[in-house]
Amino acid sequence: MMIEEEKRLFRKSALKKRAEITNREEKSAQIAKNLFDTKAYKNASMIFAYMAYRSEADTMPVIEHALAEQKCVAVPRVVLLDGEQGSGKMVFCRIMSLDDCVKGTYGILEPKKDCQVVRADENSLILVPGCAFTRDGLRMGYGGGYYDRYLQMYKEAVTVGYAFEEQLFDAIPSEAHDRRLNFVVTQKECYEAEYSRM
């Protein structure tokens, strides 16, 4: 079976499993607490957080906590290329409060057009969504490649798979060029992958 077809079938099954997770709000709050305990979070001056969509682990507890701590918080906006729907790149923009966000592409909250674009660096922690993860940092996204392209540009940032424990698998279909995340945090614990300064 071709890897793309294998990924497509695995993704469909993983998303179905994620949609069936119960006590989502309570589990999302625990994931956030586990993240706050890490050195990676404490040392980061910039938090790059996705805005949860559908059945993703909710990042709102992290966004609100980081804003209260006066860390720089940035959330993604998809910039469409050549005016084509579904073809674009992702940029992160700084928000000072949730009032800086509006409903954007796919109905997901995103920063307003006048929010400043910021770039990740070695002081940045990027929360990465996905439909499936392994404990040693492999991730399966949604097939659009937005995060893969973004993370490729900012390799010095610390990357964390932000997920429910139920999204972890012993193995997921992957290719040699797939980049591992530095660690994966769930409501159960924080799994180190390639980042040793936890």
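Arg-139 forms a salt bridge with Asp-148, with the closest N and O atoms 3.5 Å apart. A salt bridge is here a side-chain nitrogen of Lys or Arg within 4 Å of a carboxyl oxygen of Asp or Glu. Arg-139 is buried, at a relative accessible area of 16%. Buried means under 20% relative accessible area, exposed over 50%, and partly exposed in between (1.4 Å probe, protein chains only). The model is predicted: local features need pLDDT of at least 70, side-chain atom pairs count only at pLDDT 80 or more, and totals for chains, interfaces and linings use all residues. Residues are numbered from 1 along each chain as its sequence is written, and side-chain values use heavy atoms, with hydrogens and water left out.

Across the whole structure, the search finds 9 salt bridges. Side chains of opposite charge can pair when their charged atoms come close. Lys-7 pairs with Asp-178, and the closest N and O atoms are 3.7 Å apart. Lys-7 lies in helix α1 and Asp-178 in the loop between β10 (158-162) and β11 (183-185), so this pair ties together parts that are 171 residues apart in sequence. Helices (H or I, at least four residues) and strands (E, at least two) are DSSP runs, numbered from the N terminus. Lys-7 is buried, with a relative accessible area of 11%. Salt bridges that share partners join Lys-7, Glu-175 and Asp-178 into one network.

A further salt bridge links Arg-8 to Glu-5, with 3.0 Å between the closest N and O atoms. Arg-8 and Glu-5 are 3 residues apart in helix α1 (residues 3-19), and therefore separated by about one helical turn. Arg-8 is partly exposed, at 42% relative accessibility. Glu-5 is also partly exposed, at 32%.

Met-140 sits in strand β9 (residues 139-140). At 2% relative accessibility, Met-140 is buried. The C-alpha atoms of Met-140 and Arg-11 are separated by 7.4 Å, although the two residues are 129 apart along the chain. Neighbours within four places in sequence aside, Met-140 is in contact (heavy atoms within 4.5 Å) with Lys-7, Phe-10, Arg-11, Gly-130, Cys-131, Ala-132, Ile-172 and Pro-173. Lys-7, one of these contacts, is the salt-bridge partner of Asp-178.

Thr-38 occupies the loop between α2 (24-36) and α3 (39-43). Thr-38 is buried, with 3% relative accessibility. The Thr-38 side chain reaches the backbone oxygen of Leu-35 at 2.7 Å.

Definitions and conventions:
Polar contact = N/O pair within 3.5 Å; in protein donor to acceptor, adjacent residues only side chain to side chain.
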